[in-house]
Amino acid sequence: MADYIAKKLPRFFRVLVFDEVHKGKAKDTDIAWAFQVLARILPTITLTGTFFGGLSTSIFYLLYRTQANVRTEFGFDDERRWAERFGVLETVYKYEEDEFGVLNARKRRRLSTKE
């Protein structure tokens, strides 16, 4: 329906009012994609009671879809860069020392980063 409106009726509606907008803040859901299609062609008013989920990336796609300045500075898959700039990242290094590894006896290092 959103694609049809965008292609066939782009000037039929004057404004998009989207209630419960937090349902459209995921990266890849049908609601999020429909919201993105309509938000690109219409001035948008968003309503929600739970805008922020605690992590900076929880609002990235919502802002990406509604704010032109966010789209200018960040690409669609730049949630990691967004988190580096506006969030807090934790990097965990784990060193494992095995006398006899599967293939050799070297120290192993694991690196994980999370927001």
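Author: One aromatic cluster is formed by Trp33, Phe60, Tyr61, Tyr64, Phe74, Phe76, Trp82 and Phe86. The model is a predicted one, in which local features need pLDDT of at least 70 and side-chain atom pairs count only at pLDDT 80 or more, while totals for chains, interfaces and linings use all residues. Residues are numbered from 1 along each chain as its sequence is written, and side-chain values use heavy atoms, with hydrogens and water left out.

The pLDDT is the predictor's confidence in each residue, from 0 to 100. Its mean for the protein is 84, and 89% of the residues reach 70 or more. Confidence is highest in helix α4 (residues 68-73), at a mean of 93, and lowest in strand β4 (residues 108-114), at 77. Helices (H or I, at least four residues) and strands (E, at least two) are DSSP runs, numbered from the N terminus.

The structure holds twelve aromatic pairs. Rings of Phe, Tyr and Trp (its six-membered ring) pair if their centres lie within 6.5 Å; planes under 30 degrees apart count as stacked, over 60 as edge-to-face and the rest as tilted. One of these pairs joins Phe18 and Phe35, and is tilted, with 4.5 Å from centre to centre and 50° between the planes. This pair links distant parts of the chain, since Phe18 belongs to strand β1 and Phe35 to helix α2, 17 residues apart. Both Phe18 and Phe35 are buried, where buried means under 20% relative accessible area, exposed over 50%, and partly exposed in between (1.4 Å probe, protein chains only).

Trp82 and Phe86 also form a tilted pair, with 4.5 Å from centre to centre and 50° between the planes. These two residues are separated by about one helical turn, because they lie four residues apart in helix α5 (residues 79-86). Trp82 is buried, at 6% relative accessibility, whereas Phe86 is partly exposed, at 46%.

Ser56 touches both members of that pair: leaving aside neighbours within four places in sequence, Ser56 is in contact (heavy atoms within 4.5 Å) with Trp82, Ala83, Phe86, Gly87 and Glu115. Ser56 lies in the loop between β2 (44-46) and α3 (60-66) and is buried, with a relative accessible area of 8%.

Phe18 and Phe35 belong to the largest nonpolar core, whose ten residues also include Ala2, Ile5, Leu16 and Val21. A nonpolar core is a set of buried Ala, Val, Leu, Ile, Met, Phe, Trp, Tyr and Cys residues joined through side-chain atoms within 4.5 Å. Two or more residues of this core come from each of α1 (2-8), β1 (16-18) and α2 (30-41), and α2 gives the largest share, three residues. Apart from this core lies another, of nine residues, among them Phe60, Tyr61, Val70 and Phe76.

At 9% relative accessibility, Gln36 counts as buried.

Most residues other than glycine have a negative phi. Phi of Glu20, however, is positive, near 55°, and Glu20 counts as partly exposed, at 34% relative accessibility.
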